[in-house]
Amino acid sequence: MKHLFVLNPSAGQYDRSQEMIARLADTLDPLGVAWEARVTDYPGHAVELARAAAETGESVRIYACGGDGTLNEVVNGAAGYPNAAVTQYPCGSGNDFLRLFGQDRGRFYDLKELVYGDQAAADLMDCNGRLSLNICSVGFDARIGLGMAQFRRYPMVSGPMAYQLSLVKNLIAGIARPYEVEVDGETFAGDFSLLCACNGRYYGGGFHPSPRAVPDDGVLEFLLVKGVSRLTVARLVKLYAAGRAEEIPELVILRRGRSMKVRCDRLSMVNVDGERLDTDELSIALSAKKVNFVIPRGASWAPASGVKNEISGEKKR
Ligand SMILES: Nc1ncnc2c1ncn2[C@@H]1O[C@H](COP(=O)(O)OP(=O)(O)OP(=O)(O)O)[C@@H](O)[C@H]1O
């Protein structure tokens, strides 16, 4: 089996690609593992590198050495190829997808755990043609998270400061916007703060919209968060971030399903695994394609025991 490490020099705080390559040699050469490292040259390059490796038909493991964006790119390149599997050797800022492994998340930092790990087939979401492994959202959260990039360009502005500036800007601009939404044929219209589709459970630096989503159960979790005032937003964010959205049914509509369509009144930022898409018409659906994902032996992406796998009061379909 081949092992391809795709290194994103712009992930995380600084370029660690040379340091990583030295670590790969130190760890993998003594084990006799056949490995190759490629440093990406531009956004989107990891998709091309992963696809080229998968298209050879050889058995290959592709390691996203970066954050959620790099993982999303290798997933987009390798999805649908039974001979290819992907995983993340985390060196991004958030590395949010891996949070669903709980305590075992730390094992992804150990190369041997990945090289000798098991594989599981993960579901994917098709978001206007781009695949997502983790979470897609449109609305207030996406505008804050993706809007940070604008502030990070300024000298002396750190990540947390960019977040605060983006938060303030979006609070002033307004939280809710009108959307027309359809979840598996059920329609909703009105002002919403955000609309979120979950295959994974964490995003945005640890926000936990869905405690129930499992990436291989053939179903997606949707959260439709109604429009709230600036006074209510702090309470909403606190519960939403902590996986407790179900406690505020007057504000959050929860559904399990296979597709969500969203019509916006203007061009809107959509968050696809932390990457940006701009559209006024969004279609999210469970993809026919899956991707093999490498997991350290014995680790699991299932929710901790005690989390019910159904939404209270949900109509049975
Ligand atoms: N060579 C490159 N030059 C500039 N940007 C790149 C390059 N290679 C990849 N990228 C882009 O870097 C961006 C950030 O990558 P990534 O999301 O992996 O890191 P991060 O933002 O630090 O981590 P996280 O998303 O987990 O917080 C992605 O949008 C990706 O497309």
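Is the crossing of α2 and α3 left-handed or right-handed? The crossing is right-handed, where right-handed means that the near helix is turned clockwise from the far one by less than a right angle, and left-handed anticlockwise. The model is predicted: local features need pLDDT of at least 70, side-chain atom pairs count only at pLDDT 80 or more, and totals for chains, interfaces and linings use all residues. Residues are numbered from 1 along each chain as its sequence is written.

**Helix pair**
- The axes of α2 (residues 45–55) and α3 come within 7 Å and cross at roughly 35°; axes are lines fitted to C-alpha atoms over the stretch in contact, with angles from 0 to 180 degrees between N-to-C directions.
- Helices are DSSP runs of H or I with at least four residues, and strands are runs of E with at least two, numbered from the N terminus.
- Residues of α2 including Leu 49 and Arg 51 meet residues of α3, among them Glu 73 and Val 74; contact requires C-beta atoms, placed from the backbone, within 7 Å.

**Ligand shell**
- Helix α3 (residues 68–78) gives the largest share of the shell, four residues.
- Of the 22 residues around the ligand, Pro 43, Gly 67, Gly 69, Gly 92 and Gly 94 come nearest; a residue counts if its C-beta atom, placed from the backbone, lies within 6 Å.

- Asn 128, in the loop between β6 (125–127) and β7 (130–132), has phi near 50°.
- Asp 273, in the loop between β13 (259–272) and β14 (275–286), has phi of about 55°.

Note on methods:
Contact = placed C-beta atoms within 7 Å.
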